[in-house]
Amino acid sequence: MQAAAPPPEPAVGDVATRRSNTAALFAALASSMEVPNDVEVRHYDLTVADGTVLPLTWYEPRTGGRTASAAMLYLHGGGMIVGLEQTAAVYDIAVRQYVSRSGVPALVVDYRVAPEHPHPTPVEDCYASA
């Protein structure tokens with residue numbers, strides 16, 4: 001089997017190509033990951049100070065009524081320029097696996113990213129979700 005050709009090298013400041021390359025990589029990674037079926041997922045909205053509505057995803061183990069005494073706030077990686085639009089394929093499965101194996105619920109915030117939303121917006125979005 002021959003390896004796939006490497007993605008195009010993005011120019012300095014070429015966020016669009018970085019996002020496209022990341023989306024392709026994460027889709028390929030997700031295709032090889034096991035998705036647990038014992039985690040319940042619910043979607044919520046969070047309105048932040050400037051009126052923007054951010055999507056939140058709550059992951060909880062199906063435990064038959066038992067509740068956890070703690071929860072995790074998961075802030076996806078992406079260098080503050082790549083969002084869940086490109087990375088959710090992997091991060092959704094990774095969080096499901098963590099919740100399934102640990103029994104600890106998790107909240108994921110889809111914070112806004114740069115350059116469209118420069119610093120400190122992404123960090124403030126993360127703080128708002130806590």
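In what sense do β3 and strand β4 pair, and over how many bridges? They pair in the parallel sense, over three bridges, with β4 covering residues 106-109. Pairing here asks that DSSP finds at least two bridges between two strands.

Hi everyone, a word on the ground rules. This is a predicted model, so local features need pLDDT of at least 70, side-chain atom pairs count only at pLDDT 80 or more, and totals for chains, interfaces and linings use all residues. Residues are numbered from 1 along each chain as its sequence is written, and side-chain values use heavy atoms, with hydrogens and water left out.

Now the overall picture. The protein has three helices and four strands, arranged α-β-β-β-α-β-α from the N terminus. These elements are DSSP runs numbered from the N terminus: helices are H or I with at least four residues, strands E with at least two. Along the principal axes, the C-alpha atoms fill a box of roughly 50 × 50 × 15 Å. There are 130 residues, and 35% of them count as buried, that is, under 20% relative accessible area with a 1.4 Å probe, protein chains only.

Back to the sheet, then. It is open, with four strands in the order β1-β2-β4-β3 and mixed pairing. At the edges sit β1 (39-47) and β3 (72-74), each pairing on one side only. From one strand to the next, the twist averages 25°.

Helix α2, residues 84-102, touches β1, β2 (53-61), β3 and β4, and its direction makes about 25° with that of β2. Helix α3, residues 121-129, also touches β1, β2, β3 and β4, with about 150° between its direction and that of β4. For the angles, axes are lines fitted to C-alpha atoms, for helices over the stretch in contact, and the values run from 0 to 180 degrees between N-to-C directions.

Is Tyr-98 buried, exposed or partly exposed? It is partly exposed, because its relative accessible area is 38%, and that class runs between the buried limit of 20% and the exposed limit of 50%. Leaving aside residues up to four places away in sequence, Tyr-98 touches Met-72, Gly-103 and Val-104, where contact means heavy atoms within 4.5 Å. Tyr-98 and Pro-61 are 37 residues apart in sequence, and their C-alpha atoms are 9.8 Å apart in space.
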